[in-house]
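Here's a walk through one model, taken a piece at a time. Have a look at it first, and then read on.

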Amino acid sequence: MEVTIEEKATFDREIKFVLSAAEVDQRMDQELAQLATTVRLPGFRPGKVPRKVLEARFKEHISGIIADHVFRESYHKTLTDHELNPVDQPKVVIGSLERGKDFTLCATIQVFPKVEPTGYTGLQLTQAKVEITEDDINKVIEEIRKGNARFEVSAGRSAEKGDQVVMDFEGFVDGTAFAGGKAEKYVLELGSNHFIPGFEDQLLSAKGGDNLEVKVTFPADYGNTDLAGKEALFQCMIHEVRARILPELDDALAKLAGVSEGGVEGLRTMVRSRLEKDVAIKIEKRVEKSIYEALLQANPFEIPDRLEQHQQQIMLAQMKRDYQARGIDVAKMGIDDNQWLKLFGQSAGEQVRIDLLLASIADKENIQVDDGRIDEKLDEMTMGFGERAAEVKRMVRQNEEKMESLRSTVLQASVVEWIIKNSTVTQQPLSLDALIKSNDETGR
Amino acid sequence: MSDPYTLYTILQAPRITEKATVCQETGNQLTFKVLRTANKAQIKAAVEKMFDVKVIGVQTVNVKGKTKRFGRTLGHRKDWKKAIVRLEEGQTVDFYENK
């Protein structure tokens, strides 16, 4: 058998396995002999089916078997002999099998790029240092109060920010009503920014029983392109205004927020510890992010498109799961997969490059994963399962694939730690607000 | 009896069996299951037309259907006609072609 490897592109390799005519004949005879002893056909006694009939009837079958054998015998051997590292399963094209002719089997693969990581030591990193102030805690508590607010109908009240307005409305663009622009007894909280900018402001100081006309302009980037940038007139009939009544900050509120003991003081400690945890995670993410950016900048290299597509599919599935978990049916959003993929843009490719870089750094610096950390990570992951944690853990341990992904997560974390250790880290004081804001902008 | 429709109803199926294979190899004979009412002339015409070959002889056999018992009921398989057709020397037909 003859094996040729052709470089089609930077990462594309075409491996051709060619059986000469003589080899084809020999293999076919071998397979037919094997078949003849087992096959049963009507009209023939077992084992008495002539070659010719067998060959005619089982041609496809034999061709499949031979292709399979060729692949099994040679594919992995070729890969190891030529040090090829394919990113996924090969695409195989099987040629036609005929007596007296060569038989070719063509496998196309993409190989991993050779990554020589540079510039990953001595990075200048800034780590945010956030003090949680009493103010920050107060803000959260204020949110809790708002979340537990009651709304009471009060006659003659003019609507203020935070109040709920119950109204019928119908929207017109150029004098005609448009789809989705009409509702009855709609409850709108002023200041919630659920409506087009400007709409809610115009309802301020409205009273129950009022008839209002609200003029707004749809923003240019509005989801519905027919309406984007157009002026609209909404006729609103206000049924009632409900005043918002915030609950007192007392032990009862603390109980509502899930703090059963310690009252208000307990609530404050709970909020503080939760904020601290959040902040710690956010800071870590920020550092990670800056490391990734530095790595990407220092190591420009191309990646095989199949890897990128694979990553895109993972991200797509992940995103769909997220939406599903929030109760949104992705199929009904009217965006097809390709549009989603466009939204991801560069991020899939960057993720692949980061994964490759981290792996290559781990390789080069001989960073190992120790089993203790895997255990820790597993504990952390299964914490939410309560009593069933042990069971879940056992399941994960038995699942080869899950363990592999767990191992790589831990390995990546170790590499990031290693990089931090070998960099200069400067502390940068930052307020909580600024941290949250910057995370939203750069957050992955 | 020479329109194509009738031709196809005459030849119902080739018989691919041990015996038929032997006949083909030793005597260049094809074996068919044919319409019970067809005669040798019609079978000859049908084979010549369908496979574009020259037929030198046709032998036919009326095969009695087997009696089959299912529990208490007696059943009977259909009778059928077998035709063994000898081709002129050097001519062949491969039933697996174009399939």
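**A charged pair on a helix**

A:Lys77 and A:Asp81 sit four residues apart in helix 3 (residues 59-81) of chain A, so about one helical turn separates them. Helices here are DSSP runs of H or I with at least four residues, strands are runs of E with at least two, and both are numbered from the N terminus. The side chains of A:Lys77 and A:Asp81 meet in a salt bridge, at 3.3 Å from N to O. That term asks for a side-chain nitrogen of Lys or Arg within 4 Å of a carboxyl oxygen of Asp or Glu. A:Lys77 is exposed, with a relative accessible area of 52%; exposed means over 50%, buried under 20%, and partly exposed in between (1.4 Å probe, protein chains only).

Before going further, some ground rules: this is a predicted model, where local features need pLDDT of at least 70 and side-chain atom pairs count only at pLDDT 80 or more, while totals for chains, interfaces and linings use all residues. Residues are numbered from 1 along each chain as its sequence is written, chains are lettered from A and ligands numbered from 1 in the order in which they are written, and side-chain values use heavy atoms, with hydrogens and water left out.

Over all chains, the structure holds 14 salt bridges. Which residues make one that crosses between chains? It's A:Arg45 and B:Glu18, whose side chains meet at 2.6 Å, N to O. A:Arg45 is in the loop between helix 1 (21-38) and helix 2 (51-57) of chain A, and B:Glu18 is in helix 2 of chain B. B:Glu18 counts as buried, at 18% relative accessibility.

Now over to chain B. Four of its strands make an open sheet in the order 1-2-6-3, with antiparallel pairing; strands pair if DSSP finds at least two bridges between them. At the edges are strand 1 (11-14) and strand 3 (55-63) of chain B, each pairing on one side only. From one strand to the next, the twist averages 30 degrees. Angles run from 0 to 180 degrees between N-to-C directions, using axes fitted to C-alpha atoms (for helices, over the stretch in contact).

Strand 3 of chain B is joined by eight bridges to strand 6 (residues 80-87) of chain B, and one bridge pairs B:Val61 with B:Lys82. Helix 3 (residues 40-51) of chain B packs on the sheet, touching strands 1, 2, 3 and 6 of chain B, and makes about 120 degrees with strand 3 of chain B. Contact means heavy atoms within 4.5 Å.
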